[in-house]
Amino acid sequence: MKPIQGFGVSKVVASDNPDFKPGDLVSGITGWEEYSLIQKPEQLRRVQQDDIPLSFNLGLLGMPGLTAYAGFYEVAKLDKFSIASASSTIIDYLSITLQMMVITQFDIYLTINRYFPEGIDIYFDNVGGDMLDAALLNMRISGRIAVCGMVSLHSLSDPQGIRNLFNLLTKRIRMQGFLQSDYLHLYPKFLEHVINNYRQGKLVYIEDMNEGLESAPAALAGLFSGKNVGKQVIRVAYE
């Protein structure tokens, strides 16, 4: 039986790959286990231990952070005059640097007009479904929608279509899907941007840290009931 896979930060204890040596700290796909045999070392990246916690490489400095950066800056062409809404909490951390209005919507039909009375310039969508429909109704002229997920539709055998797509035409909205892997070449630029803003206190990043591998199943289940506050992380072992 293979262990569950997920993003992890680990220390190399043995290696026959010239790019990694024992003692190196790396981030990438590992197993939910104390020791992992990595068959594809090309998906690992070496990380440095400094004043920023190593666990940040799983969120703010990792795939979720790069996704937010690419979606806002490259796909949606963010500027400081934009009013933006997001359906993903990682977006909040990057948005603080431009002092945007960012609200994570839960009961969107009751709240969207309250928080965005003048409409939305940019919508970053990870959810799809009713949330995307409501956003379309409240977009401004020439708005931009960056789409990198449709989580509300994943478990549906007969997902419903989007009803308000006509707004793409009447409001001249640009909606574009993307994958963070399309923008891996921007990682050094992204890393510099985020680290500088974090050190200046312009970025606030929250983690929900659980101790011990045995806590992982309950932590995973808690994601679906909203028990975590911030990025859910499991500390398997101390340095």
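Which residues are linked with Asp-24 in a network of salt bridges? Lys-21 and Arg-46 are linked with Asp-24 in that network. A salt bridge here is a side-chain nitrogen of Lys or Arg within 4 Å of a carboxyl oxygen of Asp or Glu.

This is a predicted model, where local features need pLDDT of at least 70, side-chain atom pairs count only at pLDDT 80 or more, and totals for chains, interfaces and linings use all residues. Residues are numbered from 1 along each chain as its sequence is written, and side-chain values use heavy atoms, with hydrogens and water left out.

**Salt bridges**

The structure holds nine salt bridges. Three are tabulated here.

| Pair | N to O distance | Sequence separation |
|---|---|---|
| Arg-46 and Asp-24 | 3.3 Å | 22 residues |
| Arg-140 and Glu-118 | 3.1 Å | 22 residues |
| Glu-211 and Arg-235 | 3.0 Å | 24 residues |

Asp-24 is buried, at 7% relative accessible area. Buried means under 20%, exposed over 50%, and partly exposed in between (1.4 Å probe, protein chains only). Glu-118 is exposed, at 58%, whereas Arg-140 is partly exposed, at 24%.

**Strands**

Helices (H or I, at least four residues) and strands (E, at least two) are DSSP runs, numbered from the N terminus. Pairing requires at least two DSSP bridges between two strands. S1 and S2 (residues 25–31) pair over seven bridges. Phe-7 stands opposite Ile-29 in S2.

**Helix H6**

H6 covers residues 187–199. Its 13 residues should span 18 Å at 1.5 Å a residue, and the end C-alpha atoms are 18 Å apart, which agrees. The expected span is 1.5 Å times one less than the number of residues. Buried residues of H6 are Tyr-187, Phe-190, Val-194, Ile-195 and Asn-197. They fall within an arc of 165° seen down the axis, so they line one face of the helix. The arc uses directions from the helix axis to the C-beta atoms. Exposed Pro-188 and Glu-192 sit on the face turned away from the buried side. Gly-201 follows H6, with a positive phi near 80°.

**Surface patch**

Ile-4, Trp-32, Leu-220, Leu-223 and Phe-224 form a nonpolar surface patch, with about 510 Å² of accessible area together. Patch members have over 30% relative accessible area and no salt bridge; nonpolar side chains are joined within 5 Å, like charges within 9 Å. Leu-223 lies in the loop between helix H7 (216–222) and strand S9 (231–235). Leu-223 is partly exposed, at 40% relative accessibility.

Note on methods
Accessible areas come from the Shrake-Rupley method with a 1.4 Å probe; for residues, only the protein chains shown count as cover.
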